[in-house]
Amino acid sequence: MTGDQILGLIMLVGMITVIFVGFPISFTLLFLGLVFGSIGLGADLTFNLAYLQIWGTMKDEVFPAVPLFIFMGFMTEQAGLMERLFAALRNLLAPVRGSLYLAVILTATIFAMATGIVGAAVTVLGIMAAPMMIKAGYDARLSSGAIAAGGTLGILIPPSVMLVVMGPTMGVPVNLLYSAAFGPGFLLAGMYIVYTLGRSFINPSLGPPVPKEDRIADPWIVIKEVIVGVLPLALLIGFTLGTILAGMATPTEAAACGASGATLLALCYRKLSFTVLKNAAVMTMMTAGVVILLAVASNVFGAVFTKLGTAQVITQALAAIPLPDMGKLIVIMIAVFLLGWPFEWPAIVLVFLPIVLPVVETLQLGGMNKLELLIWFGALIAVNLQTAFLSPPVAMSAYYLRNVVPQWSLGLIYRGMGDFMIIQVICLAIVILLPDIVLWLPRSLR
Amino acid sequence: MATPTPAYLATIRGIDKFTEYTAYVFCLLNLPLIGANTWEVVSRYGLGEPTEWALDTTTQSYGAMFMLGAAYALSKGAHVRTDMLWENFSDRTKGLIDAAGYILFFMPTMIVLFWISIDDFFYSMSINERSNTTSWQPVLWPLRGVIPLACLLLFIQGIAELMKSLWAARTGQFLVHQEKLDL
């Protein structure tokens with residue numbers, strides 16, 4: 001190894017050590033990139049490199065979809081659409097055993113198609129569904145797990161912001177990543193449903209049907225609820241995702257139409273006010289600031305790291321591991337799974353993913369071409385990172401849920417989430433073994 | 001419990017307010033971002049003629065918005081941290097780590113980035129640099145100017161954050177409560 005490569009290795013180890021302490025990751029990466037670059041490459045080259053990375057990210061044509069999908073999600077939530085969706089599904093499904101589980105997971109799945117981040121999904125579901133589940137005598141462990149796991153589907157099912165960020169990072173079109181994530185997203189939601197309903201059927205005390213006196217007797221009221229509360233949202237989702245998948249609009253354009261449409265829906269439901277608009281705009285700007293500044297910082301860090309030549313050394317070292325290609329993939333998946341415990345998805349996707357990406361590109365698996373391999377890998381990462389939301393000690397879902405449902409202890413929520421993490425790992429294994437779950441939609445669209 | 005001097009508190013509050021008001025201005029960038037793309041789709045499919053200006057409007061308003069929103073995110077404690085150890089630290093330890101981070105990492109970085117980006121801004125202005133993505137060719141210097149401006153705003157907010165963390169390091173209590181961001 002050359003001196004520069006050793007320097008890069010020190011930079012990598014230093015970075016991991018320093019970000020563990022807890023200072024915001026973006027600023028740490030920027031600082032380390034500038035300092036190590038100046039030592040190894042000289043200040044002029046480093047500063048040029050940093051400037052080009054910042055400027056390049058600011059002129060990116062894919063990233064604008066990030067704030068737009070955040071805006072759309074925030075607006076749909078403010079329009080009270082999640083509440084309407086849940087109420088409609090609850091009344092529709094009332095006679096079924098475990099109906100509240102089903103209503104929670106279906107609400108979460110549909111809402112996940114209207115929002116790009118996990119955001120308030122867990123909180124809103126916790127506020128709406130948890131009191132009903134407690135009142136109906138539902139099992140607390142299964143309930144908390146269903147809400148926490150269902151609420152995190154937003155980051156996997158398109159229009160996931162994580163996939164938008166992953167696209168430029170991996171050099172893959174976002175619309176392909178979206179079409180790839182549908183299969184695993186619905187599979188996972190389906191597995192949650194099978195699990196909760198299966199357990200309710202075996203042991204009805206875990207999730208009894210809604211008592212007769214709490215049901216709405218008149219079917220017309222239920223149907224009207226579905227039409228008023230669900231149909232407009234379904235149209236909005238169909239339009240936004242449909243235009244992306246059909247290649248009629250770029251993700252950015254579709255996201256903007258989604259944001260406009262969601263604002264229009266909020267207006268129609270009489271939920272639009274100056275405060276709502278202001279909060280949506282400020283929240284959008286803030287979240288975009290956080291996620292994309294981290295992208296800027298990791299691009300600066302990554303550019304220096306690559307220029308020092310260390311990225312190449314690591315790729316060669318990883319490629320030389322005496323394992324079959326499938327073994328290497330599984331090692332990477334285990335590493336990502338473990339990284340999900342301390343880190344949140346932006347750090348994993350932006351900082352760690354680029355390090356293993358060159359190895360992934362060399363894998364020969366199942367007769368896939370390179371593009372298919374990459375979008376399959378992207379979908380695997382997305383499923384894998386679902387677990388990051390449920391793995392303590394930084395299980396964001398647990399904190400959101402604990403805040404709104406004080407009756408459930410943190411320990412109980414963790415146990416409930418642990419059950420669903422096992423389902424996620426099984427889902428990941430299925431998607432590894434059956435790549436067609438990911439690839440059927442991208443293939444049939446081409 | 002110790003209380004900070006009125007001037008100390010006023011400085012922190014003043015900077016927080018300043019950042020908040022600038023954020024209210026910059027969040028208006030959502031309008032061109034959403035509007036331009038919505039109109040582009042309507043115009044392309046409804047009227048049969050794509051616009052020339054939507055693409056540049058998008059990248060410029062997006063690029064400016066996230067850079068200028070970073071300072072507001074800082075004031076809300078929203079930038080992503082590794083929480084594994086952080087959550088278990090006392091407020092005093094958190095204050096110490098943050099104070100060290102702001103002095104050693106954050107401020108030098110912002111000064112350097114400001115310094116390397118301000119030249120390009122002046123140069124871009126002097127040659128009246130224009131975008132060449134479409135035939136619309138809008139001027140680029142405002143976007144070039146966003147980088148030093150963002151660094152400046154981050155630096156100013158960083159002073160308030162440094163003061164907050166120094167106080168926490170000294171007294172073991174945070175003056176301002178900050179919430180974790182939903183991602």
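**The interface of chains A and B**

Modeller: A salt bridge joins the side chains of A:Glu253 and B:Arg44, with 2.9 Å from N to O; the term requires a side-chain nitrogen of Lys or Arg within 4 Å of a carboxyl oxygen of Asp or Glu. This pair runs between chains, since A:Glu253 belongs to helix H13 (residues 251-268) of chain A and B:Arg44 to helix H2 of chain B. Helices here are DSSP runs (H or I, at least four residues), numbered from the N terminus.

The model is a predicted one, in which local features need pLDDT of at least 70 and side-chain atom pairs count only at pLDDT 80 or more, whereas totals for chains, interfaces and linings use all residues. Residues are numbered from 1 along each chain as its sequence is written, chains are lettered from A and ligands numbered from 1 in the order in which they are written, and side-chain values use heavy atoms, with hydrogens and water left out.

Over all chains there are 11 salt bridges, and the count between chain B and chain A is one. Polar contacts (a pair of N or O atoms within 3.5 Å, one able to donate a hydrogen and the other to accept it; residues adjacent in sequence count only if both atoms are side-chain atoms) link 11 residue pairs between these chains, both residues at pLDDT 80 or more. On the chain B side, helices H1 (6-26), H2 (30-46), H3 (54-75), H4 (83-86), H5 (91-126) and H6 (141-171) each give two or more residues. H5(B) supplies the largest share, 15 residues. By class, that side holds 40 nonpolar, 13 polar and 11 charged residues; Ala, Val, Leu, Ile, Met, Phe, Trp, Tyr, Cys and Pro count as nonpolar, Asp, Glu, Lys and Arg as charged, and the others, Gly among them, as polar.

As for extent, 64 residues of chain B are in contact with 66 residues of chain A, contact meaning heavy atoms within 4.5 Å. The size of an interface is often given as the accessible area lost when the parts come together.
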